[in-house]
Amino acid sequence: MSPDIFIIEKAKAAVSALYGADLPDASFQVQVTRKEFEGDYTLVVFPLLKVSRLSPEATGNAIGDWLKENTAEISAYNTVKGFLNLSFSNSYWAGLFSSIAAADDFGQLPPTGKTIMVEFSSPNTNKPLHLGHIRNNLLGWSVSRLLEANGHKVMKVNLVNDRGIHICKSMLAWLKTGNGETPESSGKKGDHLVGDYYVRFNEIYRQEVEELTAGGMSKEEAEKNAPSLKEAQNMLLKWEQGDSEVVALWKKMNSWVYAGFDKTYSDLGISFDRTYYESQTYLLGKALVQKGLDMGIFEKEADGSVWCDLTADGLDRKLLLRGDGTSVYITQDLGTAEQRFSEYRLDEHIYVVGNEQNYHFQVLKLILKKLGFDWADSIYHLSYGMVELPEGKMKSREGTVVDADDLLEKMYNTARETSLELGKIDNMTEQEQDELFRTLSLGALKYFIIKVDPKKTMLFDPKESIDFNGNTGPFIQYTHARIKSILRKASGRNISYDALPQGVELSPKEIRLVKLLDIFPGKIAEAGQAHSPAIVANYAYDLAKEFNQYYHDTIILKEEDEKLLQCRLLLLSSVAKVLVKAMDILGIKLPERM
RNA sequence: GGCCCCAUAGCUUAACUGAAUAGAGCAUUUGACUACGGAUCAAAAGGUUACAGGUUUGAAUCCUGUUGGGGUCACCA
């Protein structure tokens with residue numbers, strides 16, 4: 001049983017015995033005792049004053065007395081102001097430590113039988129992935145792992161936006177100026193190649209608009225009537241009619257993009273259980289529009305467009321079907337949600353999408369509810385903040401976008417330089433080194449992004465490379481490599497440490513580590529509830545930091561008392577075990593040496 | 001303009017459902033490798049938690065207002 005539940009239970013009994021009152025669990029607040037006070041856990045006594053009718057000190061002392069009398073585990077107490085600090089006996093810590101060390105997948109919570117779908121990434125096929133996508137991908141991936149650690153079955157899905165006017169723009173520019181260029185002929189990664197033609201289109205378009213306005217047309221009119229835009233729109237129409245030439249080109253260019261994406265995903269170490277394509281889902285939802293009309297919750301205008309009036313709920317009127325009968329973005333979202341909930345029995349559906357779409361998801365849930373779907377409440381929009389540069393938002397038009405592949409390469413080079421400079425890995429093969437540089441650069445990048453609360457806007461300065469010292473991924477990786485180094489030496493000397501020897505007394509620093517290890521499953525649960533891998537990241541850092549302090553002034557391998565030696569090695573391996581599990585949730589690997 | 005989100009040290013950030021002196025890292029200054037890995041550790045300095053009120057034994061946290069920043073309100077996705 002975890003200590004806080006244990007204390008609450010006992011404190012309840014104490015209050016009941018002393019004051020004849022039964023208070024709810026919420027009246028008992030337990031926290032880890034602060035460093036500057038003596039004790040292990042602290043009970044806040046303020047909420048209990050109304051039944052004790054005594055001063056905070058007197059109440060704390062009375063309860064402390066009772067607890068010390070009536071529980072074997074609590075060995076001492078002191079009261080400071082309204083805080084009752086309790087000390088636990090050494091045998092209690094030894095027992096707790098043993099059970100943590102013995103657990104083979106410590107931190108993994110028992111199966112819940114629930115299935116959760118997580119949709120993330122969801123890129124457009126007209127440009128390569130950038131830093132914003134990286135945050136999305138890393139969040140989606142780590143939330144998925146986190147929910148798995150919480151005992152849920154998780155399905156990771158990607159919805160690729162592979163159709164629409166933007167793809168046609170790339171296609172058109174390629175036809176006009178590409179001279180048959182392919183990824184093979186140019187040596188460019190497919191997604192970058194297609195992205196370049198998207199940029200090319202905009203150049204052509206802008207020039208046309210300029211010429212038209214110079215000829216006396218208003219800017220607005222020119223933007224609507226530029227010939228290349230007309231051509232792109234025409235192409236989209238052909239695509240929708242299934243024109244074989246257009247479809248063939250569309251397939252060819254998309255396949256280039258997918259090859260490029262696959263490379264980036266694989267570099268990032270992420271994958272999906274299923275990929276959906278908008279070209280196959282964009283017609284979904286039309287049936288729901290009819291259903292809504294039949295139910296009388298949607299309304300049709302004279303021009304044929306269909307709307308849902310949400311003004312009674314404090315929102316606006318929302319368009320669901322255009323006058324020409326074609327669907328808009330949300331129509332498809334309604335349809336895919338219904339499809340997914342009926343195909344899989346989902347207990348929750350998480351969409352990892354930026355906070356600019358908060359309103360969209362509010363509307364989506366509301367309309368689904370109005371359509372009578374109970375599961376609308378199980379939709380969770382994991383809304384994350386934008387990644388900003390020192391000069392503000394990334395803008396593709398101004399070329400300030402931080403490209404994902406570039407960033408990964410830069411990070412790799414930094415990891416390489418740093419590692420080679422330190423010169424600890426000279427005896428590794430080239431292949432091992434390459435793998436290590438990947439592990440370290442990804443560790444730094446992933447931790448940098450994940451440690452920040454998802455909902456906050458985060459700042460990224462491309463000029464300052466991501467740190468490898470302090471509160472960083474490599475700090476935790478280094479801690480692990482160091483532990484492994486000691487454990488390797490220990491096994492080289494045939495020292496076994498599979499169980500805690502009887503009768504060892506843990507030092508205060510060791511108890512603090514055990515306390516930290518003990519709260520790991522609780523952190524997983526808390527993080528899962530909050531859908532926030534950042535909580536796991538910060539926990540891992542706390543543990544690594546605490547361990548480094550312990551390590552610094554504790555003799556391990558030269559300890560002559562065999563029991564103490566075994567105890568310490570067991571503690572080391574337990575810390576390593578928890579670090580590995582925590583970082584695995586974040587998608588970060590911990591190297592054996594670095 | 002309506003609605004939503006945010007504001008913590010020079011910078012990046014933490015603080016579970018309100019709780020002890022608001023924790024860290026970077027940068028700055030200083031100290032520690034003839035013990036197991038110095039990508040580490042120890043120490044100093046750095047805060048009116050944007051501002052003003054309110055609720056409470058107790059507020060970064062809850063309420064109201066103000067200021068500043070962002071998002072959104074498309075027959076775009």
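Ala, Val, Leu, Ile, Met, Phe, Trp, Tyr, Cys and Pro count as nonpolar, Asp, Glu, Lys and Arg as charged, and the others, Gly among them, as polar. The model in these exercises is predicted.

**Exercise 1. Describe the overall build of chain A.**

Start with the secondary structure. Chain A holds 22 helices and 15 strands. Next, take the extent. Along the principal axes, the C-alpha atoms fill a box of roughly 90 × 65 × 40 Å. Then turn to burial. Of the 594 residues in chain A, 37% are buried. Last, find the domains. Chain A is divided into domain 1 (3-88) and domain 2 (404-585). The centres of domain 1 and domain 2, taken over C-alpha atoms, are separated by 35 Å.

**Exercise 2. Characterise the surface near RNA strand B.**

Step one is the count. RNA strand B is surrounded by 75 residues. A residue is included if its C-beta atom, placed from the backbone, lies within 6 Å of the strand. Step two picks out the closest: F46, Y329, G470, Y478 and S485.

Step three sorts this surface by class. It has 29 nonpolar, 26 polar and 20 charged residues.

Step four traces the elements. Strands that each supply at least two residues include β1 (29-32), β2 (41-44), β4 (83-88) and β15 (458-459).

**Exercise 3. Work out the layout of the four-stranded sheet.**

First, write the order. The open sheet runs β1-β2-β4-β3, with antiparallel pairing. Now look at the edges. β1 and β3 (74-80) each have a single partner strand, so one side of each is left without a neighbour in the sheet. From one strand to the next, it averages 25 degrees.

Zoom in on one pair. β3 and β4 run antiparallel and are joined by six bridges. Within this pair, I74 has F88 in β4 as its bridge partner. As background, strands of a sheet pair through backbone hydrogen bonds, either parallel or antiparallel.

**Exercise 4. Locate the largest nonpolar core and its contributors.**

Begin with the members. The largest nonpolar core has 127 residues. Those touching the most other members are W93, F97, V536, A540, V575 and L579. Finish with the domains. Domain 1 (3-88) and domain 2 (404-585) each give this core at least three residues. In soluble globular proteins, nonpolar side chains tend to be buried together.

Technical notes: Residues numbered from 1 in each chain as written. Chains lettered and ligands numbered in written order. Predicted model: local features only at pLDDT ≥ 70, side-chain atom pairs only at ≥ 80, totals over all residues. Pairing = 2+ DSSP bridges. Axes fitted to C-alpha atoms, helices over the stretch in contact; angles between N-to-C directions. Core = buried A, V, L, I, M, F, W, Y, C linked by C-beta atoms within 7 Å. Buried ≥ 20, exposed ≤ 12 C-beta atoms within 10 Å, placed from the backbone. Domains from an automatic or database assignment.
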